[in-house]
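Reader: I have a model open on my screen and would like to talk through a few of its contacts. Could you take my questions one at a time?

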Amino acid sequence: MEHCCSLETVGHRPSGFSMSLNLGAIMDRSPDLRNYLDRWPYDPDDNVLLARGENRRQIMLVRQLMGIEQYEVEGRPDGQRPHGMESSLEFQLARLAAAKTAGLEETFRLSAATCEELFKEGMMYHYRFLNFCRLKKWARAEHDTARNLRLIELVRRYAEHEEDRAQFKQWQSDVTRMNALSHAMTLLRRGKHDKALKSVHETIGEIADLARDLDAGRPGSEKLEAAVLEGVRETLVNAPTLRPRDESVFVRQGDYWTIQYHNEIARLKGTRGLQCLACLLRHPGREFHVSELIASLPEVPAPVAASNEAATAPLHDAGPVFDARAKTEYLRRVEELRKDLEEAQRFNDPELAAKAQHELDSILEHLAEAVGLGGRTRRVGSQAERARSAVTQRIKISINKIGEVIPPLGRHLAVRVKTGYFCSYHPHPDRPVVWKLTV
């Protein structure tokens, strides 16, 4: 059934759409729309139809509980033309082609911001695919999934950051299955039974009872179509939720840590290095002096390095408390804190001022203990250096262990965690990780 109407986008939109209008306000201005909605009651099992929009172009309408979603049938689902092209994907493919023509393919990279734009666009095509399946428009459903497979491949090869490659990779198996099912249904509707059977068997393996039927001989066309349709139904019921970011978990439960990243889960025996990492993840962007991290560890009598040699080293004179590098780091941080303090005072932010002053006082206290009369560096037991060495080794050992069980997270932490006299965690500004750190 088709309806002729001239509707603009109203009501709820799925994640990834940039425009959401107030349904009540629009309905107040348009009694015809109210009548239209009244004639089309919400039914989650029958809520998609094709209609004619402005200029008689075909559009897809999806009836939701509180309104209507509108999708363009041709081109990008929201009707936009980013960068003057059909889609952001087409624009990036054009950029890639130009780079290849100029012999500069090795310089072509997709930034985190570009990958985020492509992800949101891909979600729009994913939602439209699901609705095409409900309408049994198999060729169009196949087209949208094939398009998203090209998107995944582009990001896999050219994303600048590992986080983006991992984010898109988790789509791949589901989108491949969706594409294979749509392709099989397209072939069946064209009477190409053998090709449909081959496509199903090669791409997604056995569906329902097809394995038994294959053993007994060639399954009938109706049996094959029923099996593929059942696969489509399962896809619609269990359609994956494509979210910009999955929840990442770093939680201590008794003597073990539960860690989750990009749908991979691991449990590791509790260590002080993991405790230090948790502290850094809880405060992204903040720099912690190693003494703060040591103080945050439960029941730690003294900073102890990970190696046996360092762990048993006595607290005798080990040279200057602060070498040149340590002094440079301290002075850099002091200068940053003074600027933060001035800015907090200028903007009348007492909380920020108190925080900066507290850290500044702590560093100055450490400097006072390390420097003797006349500014000469004291030659006493190198507490700060031993703390730096201990914390650095513990954190790096923990990152290596995480990398053994969840390689993408290991690579992420190796790049984003900084160690030294000051330690910090800096996720990419365009791809922040949302960490769950408490049960």
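Reader: Which side chain meets Glu105 in a salt bridge?
Author: This is a predicted model, and in it the side chain of Glu105 meets that of Arg157 in a salt bridge, at 3.7 Å from N to O. Glu105 lies in the loop between helix 3 and helix 4 while Arg157 belongs to helix 5, so the pair ties together parts that are 52 residues apart in sequence.

Reader: And is Arg128 buried or exposed?
Author: Arg128 is buried, as is Asp144, and the side chains of these two meet in a salt bridge of 2.8 Å, N to O. Because Asp144 sits in helix 5 and Arg128 in helix 4, this pair ties together parts 16 residues apart in sequence.

Reader: Which residues are linked with Glu121 in a network of salt bridges?
Author: Arg76, Asp78 and Arg147 are linked with Glu121 in that network.

Reader: At what angle do the axes of helix 3 and helix 4 cross?
Author: They cross at roughly 135 degrees and come within 9 Å, which makes helix 3 oblique to helix 4.

Reader: Changing topic, what is the order of the strands in the open sheet of 3 strands?
Author: The order is 8-10-9, with antiparallel pairing. Strand 8 and strand 9 stand at the edges with a single partner strand each, so one side of each is left without a neighbour in the sheet. Helix 11 packs on the sheet, touching strand 8, strand 9 and strand 10.

Technical notes
Residues are numbered from 1 along each chain as its sequence is written. This is a predicted model: local features need pLDDT of at least 70, side-chain atom pairs count only at pLDDT 80 or more; totals for chains, interfaces and linings use all residues. Side-chain values use heavy atoms; hydrogens and water are left out. Axes are lines fitted to C-alpha atoms, for helices over the stretch in contact, and angles run from 0 to 180 degrees between N-to-C directions. Helices (H or I, at least four residues) and strands (E, at least two) are DSSP runs, numbered from the N terminus. Angles under 35 degrees count as roughly parallel, over 145 as roughly antiparallel, 65 to 115 as roughly perpendicular and the rest as oblique. Two strands pair if DSSP finds at least two bridges between them. Contact means heavy atoms within 4.5 Å. A salt bridge is a side-chain nitrogen of Lys or Arg within 4 Å of a carboxyl oxygen of Asp or Glu. Buried means under 20% relative accessible area, exposed over 50%, partly exposed in between (1.4 Å probe, protein chains only).
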